[in-house]
Amino acid sequence: MYTLLSHSRTIFMGKETRCYEHATSTNEIASILLSNFRPAEGTAILTFDQTAGKGQRGNTWLSEAGKNIAVSYILYPLFISAAKQFLLAQAIALGVCDFIRQYIDSNEVRIKWPNDIYVGSKKIAGILIENTISNAGIKNSIIGIGINVNQTNFDNKLLNPTSFTKETGKEFNLPALAENLSACLEPRILALKAQKTALIETDYLNNLYKYQQSATYLDSDGIPFEGTIIGIAPGGKLIVQIKDKNCLFDLKEISFC
Ligand code: BTN
């Protein structure tokens with residue numbers, strides 16, 4: 001069972017929001033909805049108690065009941081080709097940063113490639129985008145966003161989590177935040193629709209964690225190396241300058257220390 005909410009400040013993002021008291025995974029629910037009918041563009045599946053959240057690379061996303069936001073939006077961005085799908089991830093990550101900066105007074109809100117959201121060196125939000133591709137472009141996209149809000153104790157398995165409460169010492173109203181998240185994402189999606197590609201790419205680099213800083217990374221064998229992130233390739237791979245060479249890395253080929 002869900003409660004139907006209507007966000008008044010947006011044209012389409014979260015305009016129809018299905019708010020579940022408990023849910024296994026909002027991305028899974030979005031996928032089931034899509035297999036049954038065509039939900040309106042921007043439909044949001046929202047819960048504050050997600051019990052089997054999916055993370056990147058087959059990981060689980062852990063979230064304490066009643067403390068955090070778990071939301072998935074359904075979009076039909078057919079205008080984005082398969083080759084350009086990283087642009088969608090960039091636009092969403094920027095919208096989540098815009099949102100977090102409204103509450104956390106920090107110059108340190110950054111996107112850790114590809115689309116983790118960090119405050120300083122700690123993760124505050126994760127994004128899992130699941131695209132269905134057709135010849136014409138992205139047929140549908142499930143944009144899953146998990147944001148740590150009022151949680152203060154985290155599982156020891158998690159390396160470096162933080163939350164709105166840990167950063168500010170304050171408690172936040174989850175439904176109000178969820179509505180504002182939709183309002184922050186919408187302009188970024190509209191910029192994407194208006195083909196403002198260069199703006200999105202530049203903004204993404206300006207918000208990128210460790211961009212143009214020398215740092216230590218691990219390769220896929222766990223061997224450390226020094227390098228400097230200098231850009232993003234058109235397909236979304238990370239470009240790292242190592243000594244005088246530019247090397248491309250996919251998700252599983254590099255980890256941050
Ligand atoms: C990651 O950092 O590994 C991505 C985490 C994504 C979690 C969100 S919570 C809402 C949506 N539903 C899911 O099952 N996963 C995403």
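Predicted model: local features only at pLDDT ≥ 70, side-chain atom pairs only at ≥ 80, totals over all residues.
Biologist: Into which domains is the protein divided?

Modeller: The division gives two stretches of the chain. One runs over 2–206 and the other over 214–256. They are named domain 1 and domain 2.

Biologist: What distance separates the centres of domain 1 and domain 2?

Modeller: The centres are taken over C-alpha atoms. On that basis the separation of domain 1 and domain 2 is 25 Å.

Biologist: How many residues of each domain are in contact with the other, and what area do the two domains bury between them?

Modeller: On one side, 10 residues of domain 1 take part, and they meet 12 residues of domain 2. Carbon and sulfur atoms account for 77% of the area buried between the domains. The buried area is about 900 Å².

Biologist: Which residues of domain 1 lose the most area to domain 2?

Modeller: Three residues together make up 65% of what the domain 1 side buries. They are Arg 57, Phe 86 and Trp 113.

Biologist: How many salt bridges and how many residue pairs in polar contact are counted between domain 1 and domain 2?

Modeller: For salt bridges the count between the domains is zero. For polar contacts, with both residues at pLDDT 80 or more, the count is one residue pair.

Biologist: Which helices each supply at least two residues to the side of domain 1 that touches domain 2, and what classes of residue make up that side?

Modeller: The helices are α2 (86–101) and α5 (197–206). By class, the touching side of domain 1 holds two charged, two polar and six nonpolar residues.

Biologist: Which residues are closest to the ligand?

Modeller: The ligand is surrounded by 20 residues. Ser 25 has a polar side-chain atom 2.7 Å from a ligand oxygen, and a side-chain N or O atom of Lys 123 is 2.6 Å from a ligand oxygen. Lys 54 places a backbone N or O atom 2.7 Å from an oxygen of the ligand. The closest residues are Ser 25, Thr 26, Lys 54, Gln 56 and Lys 123.

Biologist: What is the phi of Arg 57?

Modeller: Arg 57 lies in the loop between β4 (53–54) and β5 (60–61). Although Arg 57 is not a glycine, its phi is positive, at about 55°.

Technical notes. Residues numbered from 1 in each chain as written. Heavy atoms only, no water. Domains from an automatic or database assignment. Contact = heavy atoms within 4.5 Å. Buried area = accessible area lost by both parts, 1.4 Å probe. Salt bridge = Lys/Arg side-chain N within 4 Å of Asp/Glu carboxyl O. Polar contact = N/O pair within 3.5 Å; in protein donor to acceptor, adjacent residues only side chain to side chain. Helix = DSSP H or I, 4+ residues; strand = E, 2+ residues; numbered from the N terminus. Nonpolar A, V, L, I, M, F, W, Y, C, P; charged D, E, K, R; others polar. Near = heavy atom within 4 Å.
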